[in-house]
Amino acid sequence: MEICAYEKSGQESLDDTDGSHDGFCDNYLDVDYCDSEPTDVGSSRQTLPVVQNVEHTSNDNGASATQPAEGNPPVDPLLQLTGAGSDKPANVPTIEASDSTFSDGSDLHEGKYFNTKKDLKRKLSDIAMKGNFEFWTRKSNRSLWVIECIDPNCSWRLRASKIVPESTKFVIRKYVGVHSCSLLNRNANHRQATYVVIGEQVAPQYFGVEKGPGPKGVQTFARTELGAQISYYKAWRGRKHAHTLIRGSPEQSFHMLPSYFHMLEKLNPGTVTRIDVDGESRFKYLFLAFGVAIRGFRYMRKVVEIDGTFLKGQYQGVLLVATAQDGNG
């Protein structure tokens, strides 16, 4: 029976998708052999451009040679295939500037409201992690928040401000949700993946369970669910922050002790509690004995056992427990 406790606080090369020059022909100089349809080896295979201004002759040794057609200047087949040296581009896929644009995939829009600036920042951090891009703050104060993509040439940006100066609600005034920066700038290990954001995202996994995922589990969660690569230390801090969100901080727990003991004495008649503090009102130790345990001691064997354990929290300390056995042992 427990009666007391003590605690101390890229671009395909020559369209050669199969890794060889079979579609280009056995000898790349015999380029007009490519008039025939290429073998279908995939949806990405394209017919090479046909060179019309060369002809083939054979010398005395039977070797094949390529000569320019009459009236036409010599043409390098490789130059004609790539379009180099010509005003008209060859029929080879190219990556235009517009092909590098991509949306951030969010549901944000101009006129959308958020209860606080913190809620807006949390939403944008989540979008940035899932989209693998970074943003930086151009201007920020109590009533305004302006952010842009870290690429100075990118068009993505957001401007939000308070609805009215007296309110805490923020509204998006201007929003461009399409990136025009290179895909190479997308980064999985970015500044928005803070331990606070990670902790807020993983916190539901600690609700109603004894332990929840460890730091390595938080790393896995961030990589698979948020698309962010984080260090072990950041995962550890994120886990700690999640515990605080679900169970409160140690400081909050110490502040709740007086009210907790008051309710124990009120609802459990005969309960004895005591909290001692030092000269600066800092916690030293506490004592707790439930009334039902005190009354039950008269029926116990006349032997009291004292056991203790070290606490592993932020403020450490020692927990002491006194127990006894009844007649049935």
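Strand β4 is joined to strand β8 (residues 170–176) by 2 bridges, and the two run antiparallel. Two strands count as paired if DSSP finds at least two bridges between them. The model is a predicted one, in which local features need pLDDT of at least 70, side-chain atom pairs count only at pLDDT 80 or more, and totals for chains, interfaces and linings use all residues. Residues are numbered from 1 along each chain as its sequence is written, and side-chain values use heavy atoms, with hydrogens and water left out.

**Chain overview**

- The protein chain has 7 helices and 13 strands; helices (H or I, at least four residues) and strands (E, at least two) are DSSP runs, numbered from the N terminus.
- Of the 329 residues of the protein chain, 30% count as buried, where buried means under 20% relative accessible area, exposed over 50% and partly exposed in between (1.4 Å probe, protein chains only).

- An open sheet is formed by 5 strands in the order β4-β8-β7-β6-β5, with antiparallel pairing.
- β4 (113–114) and β5 (135–140) stand at the edges with a single partner strand each, so one side of each is left without a neighbour in the sheet.
- Strands of a sheet pair through backbone hydrogen bonds, either parallel or antiparallel.
- Opposite Phe114 stands Phe170 in β8.
- Helix α2 (residues 117–131) lies across β4, β5, β6 (144–149), β7 (157–162) and β8, and runs at about 10° to β6. Axes are lines fitted to C-alpha atoms, for helices over the stretch in contact, and angles run from 0 to 180 degrees between N-to-C directions.

**Helices α3 and α4**

- Helix α3 (residues 195–202) and helix α4 (residues 215–225) have axes that come within 11 Å and cross at roughly 90°.
- On α3 the contact is made by Ile198, Gln201 and Val202, and on α4 by Val218, Phe221 and Ala222; contact means heavy atoms within 4.5 Å.
- The residues of this contact divide into 5 nonpolar, 1 polar and no charged. Ala, Val, Leu, Ile, Met, Phe, Trp, Tyr, Cys and Pro count as nonpolar, Asp, Glu, Lys and Arg as charged, and the others, Gly among them, as polar.

- Strands β10 (residues 272–277) and β11 (residues 283–289) pair in the antiparallel sense over 6 bridges.
- Arg274 has Phe287 of β11 opposite.
- Leu288 is found in β11 and is buried, with a relative accessible area of 14%.
- Between Leu288 and Glu265 there are 10.0 Å in space, C-alpha to C-alpha, and the two are 23 residues apart in sequence.

**Positive phi in loops**

- Most residues other than glycine have a negative phi.
- Ser281 is not a glycine, yet has a positive phi of about 60°. Ser281 sits in the loop between β10 and β11, a hairpin with 5 residues between the strands, and counts as exposed at 61% relative accessibility.
- Gln316, also not a glycine, has a positive phi of about 55°. Gln316 lies in the loop between β12 (305–310) and β13 (318–323) and counts as exposed at 56% relative accessibility.
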